[in-house]
Amino acid sequence: MKKLINLMYASFVLMALTFTSCQEEFEDVTGGTENETIQADSSTALLIENTSSNDGSYDNIVDGASCIALKFPYTVEVNGITVTIDSREDLHTIEDIFDEVDIDEDILEIIFPITITLPDFTEIVLENVEQLRELAAECREGGDDDDIECIDFVYPITLFTFDINEQQTGEVTVENDEQLRRFFKGLEDDDLVSIQFPITLKKYDGTEIVVDSVAELARALEMAKDECDEDDDDDYNDDDFDEERFDFCLTQCPWKIMEVVRDEVNQTDQYYARIIKFFEGGGVTVTDGSGNVVEGTWSSSFTDRGPLLTLEFETLVDFNLEWLVYEIGDHTIKLYNENGNKIILKQLCEDDEPGPDTLREILKECEWIIRKVKNQGEEIDRLLGFKFKFLPDGVVTLSDGETTSEGTWEIGLNNDEVLSLLITMGSEPGVSFEWPLRDLTHERLKFEVEEIDYELILQRTCEDDANDGDVVEIRGAMLDGTWTVALYDDEGENGTANYTDMDFDFAESNRVAVSINDDPQISGLWRITRDKGDNLQFFLNFDDDGVFGELTEAWYIMEVSADRIELVYEDENVNYKTLVFEKL
């Protein structure tokens, strides 16, 4: 089968590459520059493939597998009733039959043979249910798949191909996901591709964004991976909300404010972790960390698009809109309004609140990397990437890979009855504080005193992420050789020349040494890990007020190969930087 698929891809690429004459100079390609190429086996190419993949999650009620889709028409028997499925709309008939009696055992049988479509748009005929189960088992546990459904390409898109000598070998315009997916799949690993920019992307909420470079494209696709519910599980009833159930869901427990965006401006910092509580009868309150309460009103209605939630406050004007509820699930409600408005709320029932024992055990399970630490509003960059280890006997260590400080820690309630972490470390006053817990997830802890602008964010790492194949592979590549800065760009200002002739040697001890002609210049800290959003991060920390201080960030890894790694950084003020290392 693989040979047949490869022949199909090869035929498509060959046809595409004959559209233009060969041997055009690389620099003459419209919209392309040397920095705009994409290698076929790069992480950016994989993002493009995943975004253009065929989505198989819409018929999970039939096959229970998001990585495959049954081709229409086909026939099923649902609780003894024969149903012909000619379109996606017919799938609702299956759900209606299942919902007729809630306590019965629902039985669905597929009438074979059927034709299925794989993520790469390959079609296969299956003769029996055993073949279907075998393919379905290859999907990830829980039905999840690799495709990116929260963002789509707007076609047509024009692509150019080049050989290893940077000579243009072809041009093709793709009109849909299938053509784009087959085009990339048909390339060899070391083939180079350029895209004619600008191109338009359409997000799950209907908004469109325009990107003008490969870096912007990769960033948009990477950031969109977890922005919506792709509905890859088999819970096909998760959209069955009537108005009564929706109102009950709102008023059952308080909600923690996780994110607020108003008119495309991120306002999360001023509202984060405030508690919003909805009451029967239409009252709503928002409480901050000091106990101050703001009162307002709420109402709901239902439309063809789903539930609408209207909020009205006298002072909290960022909340005053009619919000479309575009996702409900996993104790989370996400609200959307056009023109760049979004609110994310997390349900906070009493049983969900961690106690001292819970927090104590979580801290002891693994080590914790400092993602951010602020003291009276000033970020202490020199501690970025340092790693805490909370030991059972109340001892805590803090290490940068070269030196280790030791102190004490304990868990308890502060004067406001808020669960807190008390750290005492005489050699490092920047972390010696009583830190109230504001947010707890499996991979991240946030402590904050908003009134005096103290903040500590810790990122979990277990056994240095030795079980994460991507982390291990990238870390191994960085250890294998000497690296130089090929590009440093700070919002369009090219500072690459500041690092000319400098060699960066990354050591297994998480130290990085910088030298010029073997003459040591400075040393710092480096780490690679994965954050709570499943993004790969590259921590760099040079305790320096000069040019090396510019490199001190928690960078996101956008593209990586054996001899090149591209990093980007973006903060809440939309400052954007790019750093590229290349191996000597």
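Predicted model: local features only at pLDDT ≥ 70, side-chain atom pairs only at ≥ 80, totals over all residues.
**Helix 2 against helix 6**

I looked up helix 2 (residues 43-51) and helix 6 (residues 177-185) first. Their axes come within 9 Å and cross at roughly 145 degrees. I noted a left-handed crossing. Helix 2 makes the contact through Ala45, Ile48, Glu49 and Thr51. Helix 6 answers with Asp177, Leu180, Arg181, Phe184 and Lys185. I then sorted this contact by class: four nonpolar, one polar and four charged residues.

**Helix 2 against helix 7**

Next I turned to helix 7 (residues 214-224). Its axis lies 10 Å from that of helix 2, at an angle of about 50 degrees. Helix 2 is therefore oblique to helix 7. This crossing is left-handed. On the helix 2 side I found Thr44, Leu47, Ile48 and Thr51. They meet Val214, Leu217, Ala218, Leu221 and Glu222 of helix 7. By class, I have six nonpolar, two polar and one charged residues here.

I checked the largest nonpolar core next, and it has 32 residues. Ile48 is among those with the most contacts inside it, along with Phe153, Leu159, Phe184, Ile195 and Leu217. Which helix gives the most to this core? Helix 7 does, with six residues.

**A second core**

Last, I found a second, separate core of 30 residues. It includes Ile370, Trp409, Ile411 and Met425.

Key:
Residues numbered from 1 in each chain as written. Heavy atoms only, no water. Axes fitted to C-alpha atoms, helices over the stretch in contact; angles between N-to-C directions. Helix = DSSP H or I, 4+ residues; strand = E, 2+ residues; numbered from the N terminus. Left-handed = near helix turned anticlockwise from the far one by under 90°. Contact = heavy atoms within 4.5 Å. Nonpolar A, V, L, I, M, F, W, Y, C, P; charged D, E, K, R; others polar. Core = buried A, V, L, I, M, F, W, Y, C linked by side-chain atoms within 4.5 Å. Buried < 20%, exposed > 50% of the residue type's maximum accessible area, 1.4 Å probe, protein only. Parallel < 35°, antiparallel > 145°, perpendicular 65-115°, else oblique.
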